[in-house]
Amino acid sequence: MQKLNRRNFIRSLTALPAMAMAPAMLLQGRNPASSLAENKARIKNDPMETAPNYLSLHKRGELKIRGEILWEKMRSCNLCPRDCGTDRISLQRGDCRASAELEISSASAHFGEEAELVGSRGSGTIFFTNCSLLCVFCINYEISHLGQGRTYGIGHLANMMLLLQRNGCHNINLVTPSHYVPHILLALDQAAARGLRLPVVYNTCGWEKTDVLELLDGVVDIYLADFKYADAQAAGKYSPGAHCYPEVTEKAMIEMHRQVGVAETDPETNLIYKGLMIRHLVMPGNVARSDRVVRWIANNLPKNTYLNIMSQYTPMYKAFNYPEISRHITRSEYNNVVSTARRAGLTNLRLQMQ
Ligand code: SF4
């Protein structure tokens, strides 16, 4: 198999013109040329969008260095807690099904995320193909499990970020980023040099190694992190092989909070521009032990930690192989979690079914 030299790989893929590389959906209904002046003025006038975390690291040359450090980890990959040791640089695919080639499913303004990220112009969402956690009930299984997406270069990714900014999005929302974190930092470095100013949202399953997170200190503005399970057996069953999920994710939550703190909302725009936002999906029969999840958050993070308690669990993909999770949740199952969170003292809850 052909060895992938990082420098050649990046050079070859950044030589293409920006518009030719953009996914078609980015451009639908927009005229980027005509909206450029309008959005430059908006970004200049919007204090939230003038000083993202990564700019000072870019100016010091450190963003690129960190990207290169992370790139080296792909030689015997240990970027996620699976530590599968795959030589991704030789284009072998790891347990997450990713090689060193960057695969992306879509990039567009997305209006289905939390209101504090969506605002009026949408969250600039980039969906990465493949996944390290591989939940059997994944709602995006075509992308995460089945590899839906196309191969792009690091320059393409930088261009996508810049196009999302030009199209007026409020942030760059990196969905399932963990296995492509080297590519992301190198692309951010290029995009920052070319005028990217939007906050970066790291939209993760929460199963993150702290040594990798430490390299994201000063890069990520908003961590949008799942806390899926507080039960190791359930984690290993529904995300095969991820028995260590509760232990790893607890440490990750502490580290993410250390870096960005409690989520901060701009009082004028109601948009979150910095901080930790946690999501917890309530599962049927309390298999994930939601009670323990919310109590852990209350006991280990500030009581005003942002927590979105989500009710939309829908059995998908392989969930039907597990009778106990092959149904929606009930109203009372959801309300039990909300009551437990309130009794534990959590004050910054986002609720759905009630
Ligand atoms: S990111 Fe993928 S290749 Fe790397 S350790 Fe995790 S599963 Fe293995």
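Which cavity is the space taken by the ligand? Hello everyone, let me start there: the ligand's space is the largest cavity. A cavity here is a set of points, on a 1 Å grid over the protein atoms alone, where a 1.4 Å probe fits but cannot get out.

Before going on, a word on the source. This is a predicted model, where local features need pLDDT of at least 70 and side-chain atom pairs count only at pLDDT 80 or more, while totals for chains, interfaces and linings use all residues. Residues are numbered from 1 along each chain as its sequence is written, and side-chain values use heavy atoms, with hydrogens and water left out.

Now the whole chain. It has 15 helices and ten strands, taken as DSSP runs (H or I, at least four residues, for helices; E, at least two, for strands) and numbered from the N terminus. Of its 354 residues, 58% count as buried. Buried means under 20% relative accessible area, exposed over 50%, and partly exposed in between, with a 1.4 Å probe and protein chains only.

Asn53 sits in the loop between helix H4 (32-45) and helix H5 (54-59). Asn53 counts as partly exposed because its relative accessibility is 23%. In sequence, Asn53 and Val219 are 166 residues apart, yet their C-alpha atoms are 5.3 Å apart in space. Not counting residues up to four places away in sequence, Asn53 touches Gly218, Val219, Val220 and Asp221, where contact means heavy atoms within 4.5 Å. Its side chain also reaches the backbone oxygen of Val220 at 2.8 Å.

Next is Pro246, in helix H13 (residues 245-260). Is Pro246 buried or exposed? Its relative accessible area is 8%, so Pro246 is buried. Leaving aside neighbours within four places in sequence, the contacts of Pro246 include Tyr229, Asp231 and Ala235.

Asp291 counts as buried because its relative accessibility is 15%. Beyond its neighbours within four places in sequence, Asp291 is in contact with Asn286 and Thr340.

Notes. On a 1 Å grid over the protein atoms alone, a cavity is a set of points where a 1.4 Å probe fits but cannot get out, and a pocket is an open set with protein on both sides within 12 Å along at least five of seven lines; lining residues have an atom within 4 Å of a point. A molecule sits in a cavity or pocket if more than half of its atoms lie within 2 Å of its grid points. A polar contact is a pair of N or O atoms within 3.5 Å; within protein, one must be able to donate a hydrogen and the other to accept it, and residues adjacent in sequence count only if both atoms are side-chain atoms.
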